[in-house]
Structures are given as C-alpha cells and as structure tokens.
Amino acid sequence: MKGIFPIDKFRELRTPFYYYDTKVLRDTLDAVNKEVARYERFDVHYAVKANANSKVLTIIRESGMGADCVSGGEIRAAVKAGFPAQKIVFAGVGKADWEIELGLDYNIFCFNVESIPELEVINELAAAKGKVANVAFRINPNVGAHTHANITTGLAENKFGISMEDMDKVIDVAQEMKNVNFIGLHFHIGSQILDMGDFIALCNRVNELQDRLEARQIFVKHINVGGGLGIDYDHPNRQSIPDFKSYFSTYAGQLKLRPHQTLHFELGRAVVGQCGTLISKVLYVKQGVNKKFAILDAGMTDLIRPALYQAHHKMENLTSDETMQTYDVVGPICESSDVFGKAIDLNKVKRGDLIALRSAGAYGEIMASGYNCRELPKGYLSDEFV
Ligand code: LLP
C-alpha cells in the first residue's frame with residue numbers, strides 16, 4: 001500500500017485500468033447532500049456523461065440524486081442503475097427520434113430542448129403516443145466562463161441552446177402546442193469552473209430573464225443551472241472534496257428563486273472526478289536526445305483529456321521511493337499528441353513500475369476509445385478489493 005492505493009492488488013490486474021475509491025465517492029456525495037439540505041427546493045441531477053460505469057452509477061443513485069442524460073444510451077444506463085425515470089432530465093442539441101421516443105416511453109421528468117425544430121418533433125412524437133412531454137428550454141445566456149475554450153458552452157457563438165432573443169418566441173410556440181408542457185428554463189455555461197464569479201454572472205442573467213418573463217405573466221416552475229463546478233487537479237489529496245459549500249451558497253445568495261420554484265443542478269466532474277485514478281504500467285524508459293521518456297501502457301485511448309484539452313493529471317510512481325527524476329510521460333499510441341505530461345518529476349522510473357494518473361474519475365473511462373484496436377480499460381471499485 002503506498003498512500004491510499006492497494007498496490008499488491010493492483011499488481012495482480014492487467015493494466016491499464018481505472019480504480020475508483022468508493023470512500024472518496026461516498027464522502028463527496030454526502031458533502032453534496034449535506035449542502036443541498038441547507039436549502040429548500042434544490043435538486044441535484046448527476047451528469048451521467050462524466051462517468052457511466054455501472055458500479056459508480058449505482059452508488060450515485062443510492063445517494064438519492066437524479067440523472068442528467070444526453071443520449072438514449074445514457075437514459076438506458078441510468079434506468080439500469082435504478083435511477084427513477086421521474087428524476088431523469090434529457091438534454092442535447094441533437095436528439096434522435098428514437099431517443100426522444102425512449103424518453104417518452106419511460107416518462108422521464110423533462111426534455112431540455114435546444115431549438116424550435118426539436119420542440120416540433122417532440123410534440124409530434126408525444127402526440128403519436130398520446131402523451132404530454134415536460135419541456136424546459138435551454139437558453140444560451142451568453143456568459144463566458146474562465147475555463148478551457150473547448151469546454152465553455154454558454155457563449156452566443158456556441159452551438160448550444162436557444163438565444164435570449166428567441167426565448168419569448170419559443171415559449172409562445174410551446175404554449176400553442178398540445179403535447180408539450182413548458183415547465184422551465186435550463187442553462188449551462190461550461191465545465192471545470194472554479195471562479196464563483198462565473199456562476200454569479202449566470203445568476204444575474206437568470207434573474208434578468210425571469211423579470212422579463214414575469215412582466216409578460218409567464219411563470220416557470222423549474223430553473224436548471226446545469227453543472228460546471230471544477231476540481232483541484234493539482235492537489236487531489238488535499239482537495240478531494242470540491243467546495244460545494246461555496247457553490248450552493250453562491251446560487252442561494254445570488255439567484256432570485258421565486259417561492260414556487262425548484263432549482264436544479266447537473267453536476268458531473270465535481271461528483272466523480274477525484275475518486276478515480278488511471279493505473280498504468282511503465283513499459284520502457286527511453287533516453288532521448290535531451291530528455292528521458294517514461295513510456296506507459298496507458299495512452300490517449302484510455303485518458304484523452306491531456307491530448308484533447310492540454311489537461312494536467314497529477315502523476316505518481318506508486319512503486320518507487322527513489323530520488324526524483326524528470327520525464328516526458330507518454331503513451332503507446334501512434335500519435336504525437338499521445339503525451340500525458342512533459343517534464344514531470346517522478347520517483348525514478350523503471351520498467352514495470354505502476355504509475356497513477358490522478359483525478360481521472362470524470363471524463364476518463366467514459367471517453368476511452370478503441371483507436372489502434374485497443375481494448376477499453378476496465379474499471380474497479382475499491383470495495384471489490386477488500
Ligand atoms: N449539464 C450540461 C448541459 C453539460 O453540457 C455538462 C457538461 C454538464 C451538465 C456537466 O458538467 P460538469 O459538472 O461535469 O462540469 N469532456 C470535458 C468536459 C465536457 C463537459 C460537457 N458538458 C472534459 O473532460 O473536461
């Protein structure tokens with residue numbers, strides 16, 4: 001055991017694999033629930049896109065959260081893990097007909113609708129089934145977030161949502177339709193946000209839009225502010241539980257929730273990010289011209305975030321206490337971008353050492369691919385090792 005990891009067990013398993021520390025996960029879920037309990041009518045949906053490992057999903061469902069899904073596959077995964085359909089919201093800019101039908105068949109809580117053409121299709125498909133679908137409109141609030149450009153979503157130039165200018169129009173259209181029931185507004189400004197000022201900017205925008213609607217005698221029951229709370233990738237041990245207190249109290253203090261309204265959240269990364277670690281083995285240590293490479297058996301097919309977003313996952317050599325040396329840590333994939341980090345200090349590395357890539361519980365296993373005909377990594381829970 002080095003630190004928090006059962007290394008002897010790890011040695012018996014084929015690498016690379018994801019390891020989920022269920023204590024960290026359960027403590028994180030408890031922390032969310034404790035903060036949410038301070039406020040009336042706050043409701044959290046776990047964003048399944050962050051991690052849909054069935055064992056992880058089951059633990060999250062046991063905590064009582066709902067589910068935020070963005071595909072038919074995610075709806076199926078959530079239902080299979082036992083999430084009640086009445087706690088499922090379904091978002092996405094391009095919902096296929098079969099996915100809408102699946103949502104209708106399960107009687108999910110709400111469709112987060114992103115365009116008038118989509119609304120028309122939902123209305124038609126619901127009519128064909130003799131149902132009425134709850135819908136919320138995803139409004140693009142044109143609020144920038146201080147995060148990586150690839151993961152901001154709330155700007156007018158992004159493909160997501162309906163513009164603020166069109167908001168009144170879509171609501172009018174929905175109110176004329178027989179098979180949709182307009183119940184709320186939905187927003188999401190981006191991911192890995194640590195600056196509460198970004199969420200305050202969203203609250204201000206929601207307040208403005210609500211005033212505008214109320215002036216027209218339009219009252220919504222549900223406000224959904226999406227997710228986006230970030231985690232500390234540099235200090236996974238020191239900060240294993242994100243600052244949910246500041247997050248929820250920011251919304252409680254800044255968003256003018258009307259007495260009849262429920263405020264919904266869709267948290268992904270903050271729930272599962274810190275409980276997951278990618279465990280991999282060193283295949284070779286190679287001396288380059290000016291540097292040393294540690295070549296791992298895990299690559300961008302197992303964890304794509306560094307290649308895609310220049311994300312940094314803290315790395316640790318779990319099987320060496322020797323003095324620190326500096327390495328470029330790379331994977332085996334035939335792509336120059338298959339690099340986990342450059343000039344990384346690790347305890348001296350040798351073939352066979354186990355390397356941990358931390359804070360990989362969110363958007364890790366779920367974004368794995370079979371490129372180069374590689375096998376998908378497996379995921380193990382710490383519970384399975386006791
Ligand atoms: N709600 C909506 C509408 C979303 O689009 C997202 C994430 C979430 C909730 C959950 O956001 P979170 O709480 O996890 O920040 N693959 C990227 C992140 C993409 C996020 C996409 N949308 C990454 O690895 O950083």
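A: In this predicted model, Arg269 lies in helix α10, which spans residues 269-272 (helices are DSSP runs of H or I, at least four residues, and strands are runs of E, at least two, both numbered from the N terminus). Arg269 is buried, its relative accessible area being 4% (buried is under 20%, exposed over 50% and partly exposed in between, with a 1.4 Å probe and protein chains only). UniProt, in an unreviewed entry, lists Arg269 as part of a "binding site" together with Gly228, Glu266, Leu267, Gly268 and Tyr363; such annotations may be inferred rather than shown by experiment.

Leu267, another residue of that annotation, belongs to strand β10, which covers residues 262-267, and is also buried, at a relative accessible area of 1%.

Turning to another element, helix α7 (residues 167-176) has Met167, Asp168, Val170, Ile171 and Ala174 buried. These residues cover an arc of only 165° around the axis and therefore lie on the same side of α7 (the arc is taken from the directions from the helix axis to the C-beta atoms). The buried residues of α7 pack against α6, β6, β7, β8 and α8, whereas Lys169 and Glu176 are exposed on the face turned away.

Residues are numbered from 1 along each chain as its sequence is written. Local features need pLDDT of at least 70, side-chain atom pairs count only at pLDDT 80 or more, totals for chains, interfaces and linings use all residues, and side-chain values use heavy atoms, without hydrogens or water.

Technical notes: Contact = heavy atoms within 4.5 Å.
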